[in-house]
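Here is a briefing on one protein chain, grouped by topic. Please keep the sequence and the 3D view open while reading.

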Amino acid sequence: MKLSDRTYKEVKDYLYTNKNLIIPVGTCEQHGPHLPLNNDTLCAEYFAEELSNATGCLVAPTINYGVNLPCDISFTGTTTISKDTLKNIITEIVDWWKKQGFENFFIITFHGDPFHIDTLCNISENVYLIEAYEIDYTGILDKQSTMRHACEAETSVALWLYPEKVRTMLMEESDIVFDDFREYLFHENCEKPDGYIGCLGYPKSASAEKGKILVEKMKDWVISEYYKAILKE
Ligand SMILES: [Zn+2]
């Protein structure tokens, strides 16, 4: 249920019974040779819609840009905004909504850049961040124990949610262990890492079956995080 599909009178009526709003925050970021730049945006929108279906909350228009690794400038089309810009966009739109009667805001993101996450965690009171991928991956994946990037897990989710967008024939694998990637992840090194093709992990081990299991767990996680935040109120 989209906020922007409603008229202003309908939104006013919504506020008599529900003062919560879901905000999907995507990013425009390379996802290896086989996934589209809007991968994380599509996933954020999917889980926002699922949360809306489960709770009756409206979903605000998606923010399509996020904070990305500086080294990703080498991958054409990847687009970043700064932490301050991301914070300002969300602070300004939330301020309007608060004046209109909205009280609680639930940001859904699927993008794990540490500065993106840090920014979204610290917008203001009553703005909650739900990282949709923060589930336990035990027993689901064959070659990874957690989410990496354009990897076994992320590609499985894509194969389940939008298989038509996955360029299966173009998949390549080139892993860099976490410790070697750390300086790039924390924006300390802006060069492209040696041998980096844009994915970390093992996309060739991905499957729609694993994706189905992951998506169900992520959906349950997103909904439980929502209720955890609401109960704190
Ligand atoms: Zn991603």
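**Rings and charge**

The charged end of K192 sits over the ring of F75, at 5.0 Å from the ring centre. This is a predicted model.

**Aromatic pairs**

- There are 11 aromatic pairs in the structure.
- One of these is F110 with Y133: the ring centres are 5.9 Å apart and the planes stand at 80°, so the pair is edge-to-face. The cut-off for that class is over 60 degrees.
- Buried means under 20%, so each value qualifies.
- A second pair joins F181 and Y184. Their ring centres are 5.7 Å apart and their planes are at 35°, so this pair is tilted.
- F181 and Y184 both belong to helix 6 (residues 178–185). They are three residues apart, about one turn of the helix.
- F181 is buried at 4% relative accessibility. Y184 is buried too, at 10%.
- F110 and Y133 are also part of a cluster: ring pairs link them with Y46 and F47.

- Four strands form an open sheet in the order 2-1-3-4, with parallel pairing.
- Which strands stand at the edges? Strand 2 and strand 4 do. Each has a single partner strand, so one side of each is left without a neighbour in the sheet.
- Strand 1 (residues 20–25) pairs with strand 3 through six bridges, and the two run parallel. Here L21 stands opposite F105 of strand 3.
- Strand 1 also pairs with strand 2 (residues 58–59), in the parallel sense, over two bridges. In this pairing I22 stands opposite V59 of strand 2.
- From strand 1 the chain crosses through helix 2 (residues 39–55) to strand 2. This β-α-β crossover is right-handed.

**Burial of strand 1**

- Is strand 1 enclosed or open? Six of its six residues are buried, so strand 1 is largely enclosed by the rest of the structure.
- In a regular strand, side chains alternate between the two faces of the sheet.
- Both faces of strand 1 are covered. On one side N20, I22 and P24 are buried.

**The largest pocket**

- The largest pocket holds about 580 Å³ of space.
- Its lining has 24 residues. Closest to the centre are G112, D113, M147, R148 and L185.
- Which elements give two or more residues to the lining of the largest pocket? They are helix 4 and helix 6.
- Helix 6 gives the most, with three residues.

**Backbone points**

- A150 has a positive phi of about 50°, although it is not a glycine. A150 lies in the loop between strand 4 and helix 5.
- A150 is buried, with a relative accessible area of 0%.
- H187 also has a positive phi, of about 65°, and is not a glycine. H187 lies in the loop between helix 6 and helix 7 (208–232).

- L161 is found in helix 5. Is L161 buried or partly exposed? At 22% relative accessibility, L161 counts as partly exposed. The reason is the cut-off: buried needs under 20% and exposed needs over 50%, so 22% falls in between.
- L161 and D220 are 59 residues apart in sequence. In space they are 16 Å apart, C-alpha to C-alpha.

How values were computed: Residues are numbered from 1 along each chain as its sequence is written. This is a predicted model: local features need pLDDT of at least 70, side-chain atom pairs count only at pLDDT 80 or more; totals for chains, interfaces and linings use all residues. Side-chain values use heavy atoms; hydrogens and water are left out. Rings of Phe, Tyr and Trp (its six-membered ring) pair if their centres lie within 6.5 Å; planes under 30 degrees apart count as stacked, over 60 as edge-to-face and the rest as tilted. Buried means under 20% relative accessible area, exposed over 50%, partly exposed in between (1.4 Å probe, protein chains only). A charge sits over a ring if NZ of Lys or CZ of Arg is within 6 Å of the ring centre and within 35 degrees of the ring normal. Two strands pair if DSSP finds at least two bridges between them. A crossover is right-handed if, with the strands pointing away from the viewer, the path from the first strand over the helix to the second runs clockwise. On a 1 Å grid over the protein atoms alone, a cavity is a set of points where a 1.4 Å probe fits but cannot get out, and a pocket is an open set with protein on both sides within 12 Å along at least five of seven lines; lining residues have an atom within 4 Å of a point. Grid points are joined across faces, edges and corners, and a volume is the space filled by probe spheres set on the points.
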